[in-house]
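Visitor: I have a model open and would like to learn how to read its features one at a time. Where do we begin?

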Amino acid sequence: MTTLGIIQARMGSTRLPGKVLRHLGGRTVLDRVVRAARESGVLDDLVVATTVEPDDDAVAAECAAIGVDCYRGPVDDVLTRFLGVLETRSAEHVMRFTADCPLLDPRLVARAYRVFEAAGADYLTTSITRTLPRGLDVEVVRAAVLKEIDKLAYDHHRTHVTSYVYTHPAEFDVIGLTVLPDLSHLRLTLDTEDDWRLIEAIVDHFGDAPTSVSSIATWLGNRPELAELNAHVRQKELEQA
């Protein structure tokens, strides 16, 4: 099976503009996500899907600098961006990543993909029953399913790419992968300045290489004052896209 990774990335962000090109440990946030996705060892190809907005010329330039292909499409209709990528190359499976997750764990990506492949499902996610910290979730979907929902997805479902699939489980073979122990109290995604302060502290301690979620959780367990930095941040609701 051919597996394509797609990282959605853009400079626009209501709470932290330009976050994907901030520097962490000598490389950009986007570069860290690209590297972690590649180090999972399960991808045959990887593309960054950004927008046609002039601000995202910087994203395209960074892709060229770090050696990853870039596709440009609509701003809010991210599903159309993904389908545009699929028009440029053949793939049977798609792994969806977001560029605001610089602590992505390659081991988790590989594990989730192996479960998906063995099950032969339409879609797998680690976020139906959340046990992983936000920012470390993994999604895999059959390319044929993405093409099918192009006729069905509307409004926020087009922004979130896969949300039509997991909110209509009667129509698709959906697997929710639960990874223990429950670390859902931790927030390791990048959406606010307080998220940045925590992630920067983690990278300062662990260095440049991708770090396992268990190592990060153990370290933060002894430093509750760091985990509290962004504990108050609330994720937007699905419909708030």
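Visitor: Which residues of α3 are buried?

Guide: This is a predicted model, and a residue is called buried when its relative accessible area is under 20%. In α3, that applies to Val78, Leu79, Arg81, Phe82, Leu83, Gly84, Val85 and Leu86. The helix spans residues 78-88 and is mostly covered, with eight of its eleven residues buried.

Visitor: What covers the buried residues of α3?

Guide: Among the strands, the cover includes β1 (3-8), β4 (45-51), β5 (69-73) and β6 (93-98). Helices α5 (143-149) and α6 (156-159) also contribute to it.

Visitor: β6 is on that list. How many of the residues of β6 are buried?

Guide: Five of six, so β6 is mostly covered as well.

Visitor: In which sense does β6 pair with β1, and in which with β8?

Guide: Follow each partner separately. β1 pairs with β6 in the parallel sense, over six bridges. Strand β8 (residues 139-142) pairs with β6 in the antiparallel sense, over four bridges.

Visitor: Which residues stand opposite methionine 95 of β6?

Guide: Glycine 5 stands opposite methionine 95. Valine 140 in β8 is also opposite methionine 95.

Visitor: Now the helix pair. At what angle do the axes of α1 and α2 cross?

Guide: Helix α1 (residues 29-39) and helix α2 (residues 57-66) have axes that cross at roughly 45 degrees and come within 10 Å. Angles under 35 degrees count as roughly parallel and those from 65 to 115 as roughly perpendicular, and therefore α1 and α2 are oblique to each other. The crossing of α1 past α2 is right-handed.

Visitor: Which residues make the contact?

Guide: From α1 they are Leu30, Asp31, Val34 and Arg38, and from α2 they are Val59, Glu62, Cys63 and Ile66. Sorted by class, the contact has five nonpolar and three charged residues, and no polar ones.

Visitor: Last, a single residue. Where is leucine 104 found, and is it buried or exposed?

Guide: Leucine 104 is in the loop between β6 and α4 (106-119). Its relative accessibility is 4%, so leucine 104 counts as buried.

Visitor: What is leucine 104 in contact with, leaving aside neighbours within four places in sequence?

Guide: With that exclusion, the contacts of leucine 104 are Val33, Ala36, Ala37, Phe97, Val109, Gly135, Leu136, Asp137 and Pro210.

Visitor: What separates the C-alpha atoms of leucine 104 and leucine 21?

Guide: The distance is 16 Å, for two residues 83 residues apart along the chain.

Technical notes
Residues numbered from 1 in each chain as written. Predicted model: local features only at pLDDT ≥ 70, side-chain atom pairs only at ≥ 80, totals over all residues. Heavy atoms only, no water. Buried < 20%, exposed > 50% of the residue type's maximum accessible area, 1.4 Å probe, protein only. Helix = DSSP H or I, 4+ residues; strand = E, 2+ residues; numbered from the N terminus. Contact = heavy atoms within 4.5 Å. Axes fitted to C-alpha atoms, helices over the stretch in contact; angles between N-to-C directions. Parallel < 35°, antiparallel > 145°, perpendicular 65-115°, else oblique. Left-handed = near helix turned anticlockwise from the far one by under 90°. Nonpolar A, V, L, I, M, F, W, Y, C, P; charged D, E, K, R; others polar. Pairing = 2+ DSSP bridges.
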